[in-house]
Amino acid sequence: MSQRKATIVKDFLWACTAAGFVAIILRFAYGLGATTGLSDTTPWGFWIGFDLLGGVALAAGGFTIAAAVYIFHLESYRPLLRSAILTAFLGYLSVIFALLCDLGLPWHIWKPMVNWQPHSVMFEVAWCVMLYTTVLSLEFAPVVLEHPWFRLPIFRAVLTLLKRLTLPLVILGIALSTLHQSSLGSLFLIVPYRLHPLWYSPIQPILFFVSAVALGLLTVTLEAFVSAYLYDHELPHGLLAGLGKVAAIVLWVYLALRIGDLIFRKLILAPFNGSWQGVLFLIELGLGALIPAILLSIPRVRRSPIGLGTSAILGVSGIILNRLSVSVIAQYRPPETAYFPSLSELLISLGVLSAIGLVFLFIVETFNVFGAPEKHELDQSVSSPVSYAFQDDLWRNHILRRSFVVVLVIAATFALLPSQIVEGRMMPSTEVRSAVGGDILWIDGNRNEEGVRFEHQKHIERQRQQATNEETACAVCHHLSKPGDQATPCWECHRDMYLPTSIFDHTFHQQALGGNVSCSECHIGEHIADSAVGCNECHETMASKESTTVKFNYAARGYVDALHDQCVSCHKREATAQNKENLPRCPTCHRAEGAPPGVRRLLSLSNP
Amino acid sequence: MTDWLEIAQGPIFRFALAIFVLGLARQVGLTVSGALTAIRRAKDRRLPYREIAKETLSWIFPIRALRRARPLQSVASFAFHIGVILAGLFLRNHIDIFQSNVGIAWIALPRPLLDCLTLLAIAGATILLLYRVYSLSVRTLSTAMDYILLVMILGLMISGYIAGQSWNPIPYNTLMLFHTWGGILLVILIPFTKIAHCVLFPLTRFCTEIAWHLTPEGGSEVIHTLYGSDGRKV
């Protein structure tokens, strides 16, 4: 029976891996822009939040258990040691793989080894990942080398050497892991104005480290549950209850730090102000840390499998949610550039996770990870010819079924992924060309001859009749003008047909106003885009009171969107006011007649 | 209705193509690995590789087959295969669908030529079908899937041929809907049915030969049992 459960799980993991495989091929074939939701405003997305930060934190069980066994001599935890180190090693491998997918130029990943930049946190992170993965592989190597496959004397010699080096390796591992967990937190010290204040904290490195310890312990617990279920092992209740107790203490420390930090920064009431960030914060800390901490503090609960499992699941998801919040969800970004992970991002995460799961199951089934002595007896029983033949048939059945599943899943993924991803199409930047004409403007930004004849003069006359002040009539539509200009044409700011374009040079303004001390000239309170004052505060004639865009805005929407919005919203208002129901409908502006003859001649002269 | 056509020529086509390519690759992999396992277990490992290669090549260019016992069946089968392969792979419309999904195109054969070949193939398939129904030896060996596949391909060829003619009495889109979805179904079925011989045929001879070698002199012993001592050597 136990074989069957593991087989079903492995089939499922193969299917997920196959789907991720397709997504990985497409990602490397067409690049990040076409296959992911990432952009210049959101360069770090789901992969960084979930795979990388989450994966590193999950791996914290490795150094925690190693410290317990070798440094604090808590020998009773030794049975959990090997699987904890294996998890950490595989976790780091998956992190590296996810990172290779996420890097724009993955073949430059070796550069930090040569180009030293000791002022950069990223430099520390890169070295930590590299060194700690090496240390973990050496820490786990004895388990592999013990296997009868490696009977040669040279392997035995390496095994003896590695066993002698265990303690130095463990100490090195603890040091590197501590550095790495905290330096990942330090990365976010650089974005005080981009990260929401509930998550931005000057003690971020400490928070990351403490929460990682708790997460590592809970992951080891969950993993024991999974392998006990899959292979019908006895669940080591006493050990896991002990882990739960330590995890509860660490979670309380984490909660105290987190809340103390908020009190110190006078933000303790901020989670209750009704914003979605406040709710997210309460969910993250309440469900993900407070409830598991309370549950695990009750001896009866942490000794029952259900209580322990529930609190482990809650704690693990809560702390991974924290990593996602810090790196993705709780970061400010302009509303035009909202981020949601694309299907291929999710599939790659799923695929990498499943592949790592398969490697884990393979290693657990092949090598002596759980320290079970009956393993070698099993090997001998297999060596009779009958069971060999039986195993061969079983193996062949697995291959037949799994290859069929893999073929099916790959084909289905190709069919179901959006065509934009499968064909690698990215929205190309399309430069907008100016409108042409006089009283009647021919608006055809991309010159595909499907433009609109815009009765400019008639609109001016109508506005002049309605406007109270003739001077501001133009500003009803020309909502923002360049400094020193009046009625700047649409295409000078909305420079791309479909994509938003930047219209504000932050560095230029900063330097003109006196460098680093000039923030408060424009920003009131927090130093974020939303707190900037309108352009009119300095450039008095830029935006009119009549216009809808008094607020500061540094990104101009795509030409098509901007013009549709501008024209249609006004036409809708007028439709009800004048009782002309056809006014907001498409054919009112989009007619078949094309460009006026004079304009056509002009365009044919300019575009031969 | 055009929506259904577009789905079939877009995502569903990609699905079918991936199943086709990977499914056939899987079949080849399984066959080769199975053959290697069999060789490992065989008592007699001296395989006549040169003979196998010769036999296989003569199956690819079946000139010799025309002189055999059933010349009509051989000719019909020949016409059927040529028509199916050429019209399937080198028709402009088929290449267009392939190009819009995969981005690769190749040279197309002229339409009148393909029309002629399709007519010949339809005739060939009809003769093969009649053989299956009326020849006792063929009928005994036939399974339901043999009939289904043959009738399906016949239907696809006829519908494809009629759709391209000026006298086509059926609404074009209706016919195309049948033709496209039928074609997709066929492409999906290929790796899992006997049509997989389109990639497996070089291995057929090889695998048969291995089967005769599972015990030493097994082949000649079987022949000895079947035909007496003067049987020809395998």
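In chain B, 70% of the contacts between residues at least 6 apart in sequence join residues at least 24 apart. For chain A, residues 24 or more positions apart make up 75% of the contacts with a separation of 6 or more. Both values come from a predicted model, which scores ipTM 0.76 and pTM 0.75.

**Chain B**
- Chain B contains 11 helices and 0 strands.
- Read from the N terminus, the elements of chain B run α-α-α-α-α-α-α-α-α-α-α.
- The C-alpha trace of chain B spans about 65 × 35 × 30 Å along its principal axes.
- Of its 234 residues, 18% count as buried.

**Chain A**
- Chain A has 25 helices and 5 strands.
- Its C-alpha trace covers about 95 × 60 × 50 Å along the principal axes.
- Chain A has 608 residues, and 33% of them count as buried.

**Confidence**
- The average pLDDT of chain A is 85, and 93% of its residues score at least 70.
- Residues 373-387 of chain A have a pLDDT below 50, and this stretch has 6 contacts in the model beyond near neighbours in sequence.
- Where pLDDT is low, predicted coordinates should not be read in detail.
- The average pLDDT of chain B is 84, and 90% of its residues score at least 70.

**Helix H7 of chain A**
- Helix H7 of chain A takes in residues 121-145, which is 25 residues.
- From first to last C-alpha, H7(A) reaches 36 Å, close to the 36 Å expected at 1.5 Å a residue.
- H7(A) bends by about 30° at Glu139(A), and the proline Pro142(A) follows within four residues.
- Glu139(A) is also one of the buried residues of H7(A), which include Glu124(A), Cys128(A), Tyr132(A), Val135(A) and Phe140(A).
- An α-helix has 3.6 residues a turn, so residues three or four places apart point the same way.
- The cover over the buried residues of H7(A) includes helix H4 (60-71), helix H5 (78-102) and helix H9 (166-186) of chain A.

**Helix H12 of chain A**
- Helix H12 of chain A, residues 276-297, has 22 residues.
- Its first and last C-alpha atoms are 30 Å apart, close to the 32 Å expected at 1.5 Å a residue.
- H12(A) bends by about 35° at Gly286(A).
- The buried residues of H12(A) include Leu280(A), Phe281(A), Glu284(A), Leu285(A), Gly288(A), Pro292(A) and Leu296(A).
- Among the elements that cover the buried residues of H12(A) are helix H11 (237-264), helix H13 (299-303) and helix H14 (305-329) of chain A.

**Helix H23 of chain A**
- Helix H23 of chain A has 20 residues, 559-578, and should therefore span 28 Å at 1.5 Å a residue.
- The end C-alpha atoms of H23(A) are 28 Å apart, which agrees with that expectation.
- Asn579(A) follows H23(A) and has a positive phi, near 60°.

**A sheet in chain A**
- Three strands of chain A form an open sheet in the order E1-E2-E3, with antiparallel pairing.
- Strand E1 (436-437) and strand E3 (452-455) of chain A each have a single partner strand, so one side of each is left without a neighbour in the sheet.
- E1(A) is joined by 2 bridges to strand E2 (residues 440-443) of chain A, and the two run antiparallel.
- Val436(A) stands opposite Trp442(A), which is in E2(A).
- Helix H19 (residues 456-466) of chain A packs on the sheet and touches E2 and E3 of chain A.
- The direction of H19(A) makes about 35° with that of E3(A).
- Strands of a sheet pair through backbone hydrogen bonds, either parallel or antiparallel.

**Two loop residues with positive phi**
- His73(A) is not a glycine, yet it has a positive phi of about 55°.
- His73(A) lies in the loop between H4 and H5 of chain A.
- His73(A) counts as exposed because it has 8 other C-beta atoms within 10 Å, and the cut-off for exposed is 12 or fewer.
- Lys266(A) is not a glycine either, and its phi is positive, about 55°.
- Lys266(A) sits in the loop between H11 and H12 of chain A.
- Lys266(A) has 8 C-beta neighbours inside 10 Å and therefore counts as exposed.

Technical notes:
Residues are numbered from 1 along each chain as its sequence is written. Chains are lettered from A and ligands numbered from 1 in the order in which they are written. This is a predicted model: local features need pLDDT of at least 70, side-chain atom pairs count only at pLDDT 80 or more; totals for chains, interfaces and linings use all residues. A residue is buried if 20 or more other C-beta atoms lie within 10 Å of its own, exposed if 12 or fewer, and partly exposed in between; C-beta atoms are placed from the backbone. Two residues are in contact if their C-beta atoms, placed from the backbone, lie within 7 Å. pLDDT is the predictor's confidence in each residue, from 0 to 100. The expected span of a helix is 1.5 Å times one less than its number of residues. The bend at a residue is the angle between axes fitted to the seven residues ending there and the seven starting there. Two strands pair if DSSP finds at least two bridges between them. Axes are lines fitted to C-alpha atoms, for helices over the stretch in contact, and angles run from 0 to 180 degrees between N-to-C directions.
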